[in-house]
Amino acid sequence: MSVSIDIEEVVKKYGNDTIINGLSLHVKPGEFFTLLGPSGCGKTTLLRMIIGFNSIEGGKIKVDGRVVNDIPTNNRNMGMVFQNYAIFPHMSVKENVAFGLRMRKVPENDIDKQVDEILKIVKIDHLKDRMPIKLSGGQQQRVALARAIVIHPEVLLMDEPLSNLDAKLRVEMRNAIKSIQRQINITTVYVTHDQEEALAISDRIAIMHNGVIQQIDSPKNIYQRPVNTFVSTFIGLSNLIDAEISKNQGCNASIVFDHGYCVFMENIKDTVKNGQKILVSVRPEEFHIRSAGEGLKATIKSSVFLGLTTHYFVQLENGQDIQVIQDRDEQDIIPDGTTIILAVNPQKINVFHYENKTTLIRGGKE
Amino acid sequence: MSVSIDIEEVVKKYGNDTIINGLSLHVKPGEFFTLLGPSGCGKTTLLRMIIGFNSIEGGKIKVDGRVVNDIPTNNRNMGMVFQNYAIFPHMSVKENVAFGLRMRKVPENDIDKQVDEILKIVKIDHLKDRMPIKLSGGQQQRVALARAIVIHPEVLLMDEPLSNLDAKLRVEMRNAIKSIQRQINITTVYVTHDQEEALAISDRIAIMHNGVIQQIDSPKNIYQRPVNTFVSTFIGLSNLIDAEISKNQGCNASIVFDHGYCVFMENIKDTVKNGQKILVSVRPEEFHIRSAGEGLKATIKSSVFLGLTTHYFVQLENGQDIQVIQDRDEQDIIPDGTTIILAVNPQKINVFHYENKTTLIRGGKE
Amino acid sequence: GCGSGTSEKPKTAAGQEEKVLTVYTARSESLNNLVIPKFEKETGIKVEMIVAGTGALQKRVASEKNNPLGDILWAADQTMLNSSKELFMQYVSPEDANMGDAFKNKSGYFSAAFADPTVIIVNTNLTGDIKVDSFADLINPALKGKIAFGDPASSSSSFQSLMAMLYANGKDGDPMSDEAWAFVDKFIANLNGKMLNSSGAVHKGVADGEYTVGLTWEDPAANYVKNGAPVKVVFPSEGAIFPGESVQIIKGCKHPENAKKFVDFMLSQKIQEQVGKELTVRPLRKDIKLADYMTPTASIKLFKNYDEAWVSDNKNTITAKFNERLEKSMK
Amino acid sequence: MNYAGEKRFTIWSSFSLVILAIFALFIIYPLILVLCKSVIDPQSGNFTMSYLTKFFTRKFYWSTLINSLQVTACATLLAAAIGLPMAYVMRSVKIRGSGFLDILIVISYLSPPFIGAYAWIQLLGRNGVVTNWVNTIFGIQFDGIYGFAGIVLVFTLQSFPLVYMYVSGALKNLDNSLNEAAESLGCTGFERITKIIVPLVMPTLLASSLLIFMRVFADFGTPMLIGEGFKTIPVLIYTQFMSEVGGDDGFAAALCVIVIMMTILIFLAQRFLANRNTYSMTALKPMTAQKITGVKNMLSHAFIYLVVGLAVLPQVVVIYTSFLKSNGGQVFTGGFALQSYQATLFSKDNDVIWNTYMLGLVSITIIVVLGILISYLTVRKQSPLNSALDMITMFPYIIPGSVLGISFLFAFNNPPLLLSGTALIMIISFAIRRMPYTIRSSTAIIGQISPSMEEAAISLGATEMKSYTKVTVPMMMPGVLAGAIMSWVTVISELSSSIILYTNSTQTLTVSIYTEVIRGNYGNASAYSTILTITSIVSLLLFFKLTGKRDISI
Ligand SMILES: Nc1ncnc2c1ncn2[C@@H]1O[C@H](COP(=O)(O)OP(=O)(O)OP(=O)(O)O)[C@@H](O)[C@H]1O
Ligand SMILES: Nc1ncnc2c1ncn2[C@@H]1O[C@H](COP(=O)(O)OP(=O)(O)OP(=O)(O)O)[C@@H](O)[C@H]1O
Ligand SMILES: [Fe+3]
Ligand SMILES: [Mg+2]
Ligand SMILES: [Mg+2]
């Protein structure tokens, strides 16, 4: 019963600005699909095109194989949570949530039941009869969420639906969303700026940049095997360090950092050449801090305690500033000014072409 | 030149609902003070009382020792970033940001310079002449931020100013905010729902719940030594596990979990009695997963990959569900169903009174 | 204190009045256009005309009585104004002697200059073979709902028509007799609930073919005839009322001397003659010739026992009685 | 909104007091003079209830009140039922020539006194062009638009532009994402109007309905011309006050009291409802007109063009009439000629045009400045003083213009307030009579604006005054302009009080139209009316040019 969404070469222009230029993607039936990308990259615009609020200047959007470009929104059976909530100011919380059900002519009894249920899930059942103006920001956002979910649409579009909730509630809500989504198998397109959320909740993630999809992949692959430096630096923190390929014919390649630290790589593409300049991406938490041995020599400039972990701002010998994250398990906070040795794990690092910034790791898509 | 803020026994009522009932706190000059609390706990309300948009039903607010209850907002020299942005829709980005400077009669040249500068900091200088209607959610939020910061007020109040930005930008912005705040030494009250942000940016944090301050402390103390179970479970994840005190007269106490796992504690208050029921709070990342030895026996139910770490949903022998977080360093993901042993580090755990939920750790404030 | 008592009398240094005169006029445009420019030219006095309905002008004069802004009220007649004499200045023009006997300024306030008898206006396209010669014809069921009649409680012309009707049907010409009012009842029934609220709508309505007949006064009706509209003027065979439309000086006005000149001018031979020759109002000076499209005054039957003073004194009683009849006709 | 410093005496309190003083002088004082008459016996000078008793015991009189209420209720409902969808369609659908249509709609509100209703008689009277045409084609005996139905028709077509303008302004402030949210929840176009749009623009709808209600309730021109036996209370008042036969001032004053009481009741009801239904929004994304296709597009166009066509019909007829050849301006002899223009434009002195616009401009300036202030005070600075202000400013709208004119003459004809005969008295009467348009629409719009905008400005260091002028006022502009345009259009077509107050040097175009009409010279009247229409179109175009607005209800 769940539907697929195909976006084929769509174009969106605002006046003369082309925001999206020939974007394509496929969302599988029942999939939880997340759009991730920097502010202003076109996420909201794309969602609005799917539901039909934005005109489409080119290309097609298909739902279950049927082109919907010309179907009016109210016939598309899609639900949407708006970035600015868009709660009806003239209706109480309950009426807001019941609105979609009323439109669907659900019997009054059932409406009450379903509204009560969803309000409990989003934890605002005690505010049932409040008017929106008397709600806090997070409460409003939850009304918007409940309103979109309660109608069990075929397609659910959510634009940063949890951005104004506290961490704990956000985790609860995202679990609730995920379980409802699974239960009734709604094809869902989700926009968030919270990477942890994206990684935790999504079946697949699309990373967008300037209206262009950079990578579509499972959360794990996106995180571990970014296809280019944009994805690598956008998802989680990544330090990009200059290095060179060292390759004797026939055998696998190594990477050599400035000052000679050399790491043997098993998964580098065969196309690389000896001496080729590359960018090595190392996540801050992938560094092992040592006091001596093989590795990049560095000095600790400052540190920030972040509860679970500690962030170090570190300077390499070549002058590059990088960040290193150390778990709470390891020693107490290392004082500023200490010289350390940073080692990397060849399985966990990524290597990119110096010029076009795409991955040089085998199996990584380009 | 920076000012302190004293809030003394303030009361806020909406009609018959008392939202805040006699809240007091002190913000030091130049301090970066963060309010953290669940959605609807009264954070926005408190900010609005400080700046003077909400009436005060009781108590006093002092700035630099002077009661400001009756001073009109525009004479308070406070800046505010609103949760709903409150951008002037009829002014371009530039005009929005310049507004406060104009009001201060800054010469036109300087205005241009300062606006350009701040727009660069918040990375929307290319959108200078856009009207707000043509901005994405995150871009709007950055306008609001720039507008409040550019006037360099004595007190800066920010209500979730970064909630609609992507993770990377959020880190950049919070660093920018922090460095501006330091540079000109603005006393800042900040509301966020992002704990990491709160921990990273704040000098001190106040945890609010239902209009009541639970704890005011440095980020580290808040995280490591929560005064009660609310704070402990609100900030970061905490598993609360039942246990008992075992204490032979004179010497220090141990805690004994169900099934006999016993941990010797050095920092428990002397007032505890042998056999007293307690709650032990253990953060998911504080568990050591072992395959054998001393510890709590548990079974892995499921796991989620979260990039930096892996979350395990685990069931203890006594049936309680708890969460455990393992670093990427440790082994590959442990399969569901595996039986494990969980050990705790006595230095890192917290112990609370079973009934009134307050801390039993020495030095922890109550 | 009223304005006239203060020192700022608009007199020039020589003790002469400013050469201006403010005239409140409800008279027809043709009359204004003929008379006013002539007056200005002859006397060098600039006339400022305030043109409005009779009622509005009367009200204006009354409201301004502490500080009159107008000099001349050129509207209404003695019947209507007698009850508010105190608003006007007494003045009998030297020309008064030359006026017809019935139209001499006996009160001292109101100088009747022209007359506008009550008439029936008939649309010749619509009457077909319905005979309309008299008031009696107006209760013909064939005319039911086709009669244009104004509200006698507010329109002076309709009031005069009502008076004519009452005199025509009263027992022995007694307008307050039951017979008179019985006729009014029938007339009201034949109006079929239609009563116009503006006297202008009566003749305009008939001329436009909205109504077949209307009760109005001669000037506009004759003017339509003159301009070629499909209407004719009928003097009801029972008789007509012949009110002397007067001109009066407002008490305490700023330019009494100019105003007097204006009154004199109205009654002068030259003007009376010219109006008689060119327009559709009847001059009241003795021995003035009328234009040939006008019904000769001699052939108009008047009510012998018409008593202007009585009508003037009793107009409120009459309108109240009419309203009562009207109310009774409503279910 | 609650400011900490609210309780103290601020600049706003002094504004309130000054404005209140102005209104007390120019409304309360003259009114009291008039209203005293309603309960004082002119002979004995004693208190009497006889006038009121007379009204309520005689069906002849009280039936006019019933008539008025019926006509008013019908016309108000119909006007709202037409104006609202018009505004919605024009805002949401791209209509060809919408800018032009907007002007036509405004112009149709500028119904020249008397002549507008007369144009309907020419079309739909017993001998009307359309009547004859319909009667011959269908062989029926349609008896013209006289009476109840006709009055309702004319009032409706005359009034819907007000709803249209106001609602259009309010829609501009409505956040489109609410619309979209409804649509995503499965709400169809029509339901969206009833469930979302109407409730959200309710304050504006109520405000405009109130104005229509009061305007229709107090209008005597139309029922006077086409009412025939159907008498409404304003006609009764007018005829009592303006009677040529000796009306009864006391009774007329009592009638005024009744009308004023009625309208105060309506006003209070409206305020009660509007206050309960005000929702602030901030339209970062207002509705934009979309191109649509197919049947919907055709229906939208058909609806708009039909209504606008009907509404401007009287104007067209009047313009047409102005070019007809006639005898003495009364009897049209067939054929066309410019004689009416010769008789008006070229032969008489044309100060009337200048007067109309000069007086109008001064008045509209006063109206806009005070209107914006008053609406702000009454919405954002709620206090008993400002509530009183809100109510009092509606009085001049309620009171029949002629009554107001007379009361002005009465009150300001003595030193030290010797104003009668001056241009000032005309301006004051224009300004206070037509201000409610601007006040109502501004008040409605201000309720929609989220207070957080002002708060933001204040937090940036703006004084309340600055935040008001720099932020609130610009954001109010759609509503203010909607009202100001209506004020403007009605100022330059004001008649009923100017007819009492004008002098030769302050005669306006409408007075000229009126004076021509009352002596039956419809040719000249039409010519004047055409001049009024055309010059006001020009004034509107000029206004948009100067303010850089492209569509009229911005
Ligand atoms: N005008 C009002 N009338 C009545 N209750 C209100 C009003 N405004 C807010 N509240 C209630 O007061 C409480 C505190 O609101 P506030 O906006 O301060 O919360 P908050 O801590 O900022 O929450 P969030 O993180 O969701 O923005 C909420 O429960 C809210 O429902
Ligand atoms: N009506 C418009 N006219 C012109 N440009 C627009 C309009 N609406 C949005 N844009 C621009 O299009 C781009 C994409 O906007 P969109 O709202 O889709 O961003 P987004 O990815 O949702 O960002 P955010 O995370 O900040 O909400 C932005 O650069 C924005 O400035
Ligand atoms: Fe967030
Ligand atoms: Mg967005
Ligand atoms: Mg909040």
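Which residues gather in a patch of negative charge on the surface? The legends below cover that patch and several other close-ups of this predicted model.

**View 1. A patch of negative charge on the surface of chain C.** Asp172(C), Asp174(C), Asp178(C) and Glu179(C) make up the patch. Asp174(C) sits in the loop that runs between α5 (156-169) and α6 (178-191) of chain C. Its relative accessible area is 36%, so Asp174(C) is partly exposed.

**View 2. The magnesium ion (ligand 4) and its protein donors in chain A.** Two residues supply the protein donors: Thr44(A) through OG1 and Gln83(A) through OE1. These donors lie 1.8 to 2.2 Å from the ion. Thr44(A) belongs to helix α1 (residues 43-51) of chain A, and Gln83(A) to the loop between β6 (78-81) and α2 (93-103), so the pair ties together parts 39 residues apart in sequence. Thr44(A) has a relative accessible area of 23% and is therefore partly exposed. Gln83(A), at 13%, is buried.

**View 3. The magnesium ion (ligand 5) and its protein donors in chain B.** Here the protein donors are OG1 of Thr44(B) and OE1 of Gln83(B). They lie 1.9 to 2.2 Å from the ion. The pair links distant parts of the chain, 39 residues apart: Thr44(B) is in helix α1 (residues 43-51) of chain B, and Gln83(B) is in the loop between β6 (78-81) and α2 (93-103) of chain B. Thr44(B) is partly exposed, with a relative accessible area of 24%. Gln83(B) is buried, with 15%.

View 4. Side chains of opposite charge can pair when their charged atoms come close. The structure holds 49 salt bridges over all chains. One joins the side chains of Lys62(A) and Glu8(A), at 3.2 Å from N to O. The partners come from distant parts of the chain, 54 residues apart: Lys62(A) from strand β4 (residues 58-63) and Glu8(A) from strand β1 (residues 5-14) of chain A. Glu8(A) has 29% relative accessibility, so this residue counts as partly exposed.

**View 5. The salt bridge of Asp203(A) and Lys178(A).** The two side chains meet at 3.3 Å, N to O. Asp203(A) is in the loop between α6 (195-201) and β9 (204-209) of chain A, while Lys178(A) is in helix α5 (residues 167-184) of chain A. These distant parts of the chain are 25 residues apart. Asp203(A) is partly exposed, with a relative accessible area of 33%. Lys178(A) has 10% relative accessibility and therefore counts as buried.

**View 6. The salt bridge of Lys178(B) and Asp203(B).** The N to O distance in this pair is 3.4 Å. Lys178(B) lies in helix α5 (residues 167-184) of chain B and Asp203(B) in the loop between α6 (195-201) and β9 (204-209), so parts 25 residues apart in sequence are tied together. Lys178(B) is buried at a relative accessible area of 11%. Asp203(B), at 34% relative accessibility, counts as partly exposed.

**View 7. A salt-bridge network in chain A.** Arg170(A), Asp194(A) and Glu197(A) are joined into one network by salt bridges that share partners. As for the chain as a whole, chain A has 8 helices and 20 strands. Of its 366 residues, 58% count as buried. The C-alpha atoms of chain A fill a box of roughly 75 × 45 × 40 Å along the principal axes.

Notes. Residues numbered from 1 in each chain as written. Chains lettered and ligands numbered in written order. Predicted model: local features only at pLDDT ≥ 70, side-chain atom pairs only at ≥ 80, totals over all residues. Heavy atoms only, no water. Patch = residues over 30% accessible without salt bridge, like charges linked within 9 Å, V, L, I, M, F, W, Y side chains within 5 Å. Areas by Shrake-Rupley, 256 points an atom, 1.4 Å probe, with all protein chains shown as cover. Salt bridge = Lys/Arg side-chain N within 4 Å of Asp/Glu carboxyl O. Lys, Arg positive; Asp, Glu negative; His and termini not counted. Charge placed at Lys NZ, Arg CZ, Asp CG, Glu CD. Helix = DSSP H or I, 4+ residues; strand = E, 2+ residues; numbered from the N terminus. Buried < 20%, exposed > 50% of the residue type's maximum accessible area, 1.4 Å probe, protein only. Donors = N, O, S within 2.8 Å, 3.2 Å for Na, K, Ca; no water.
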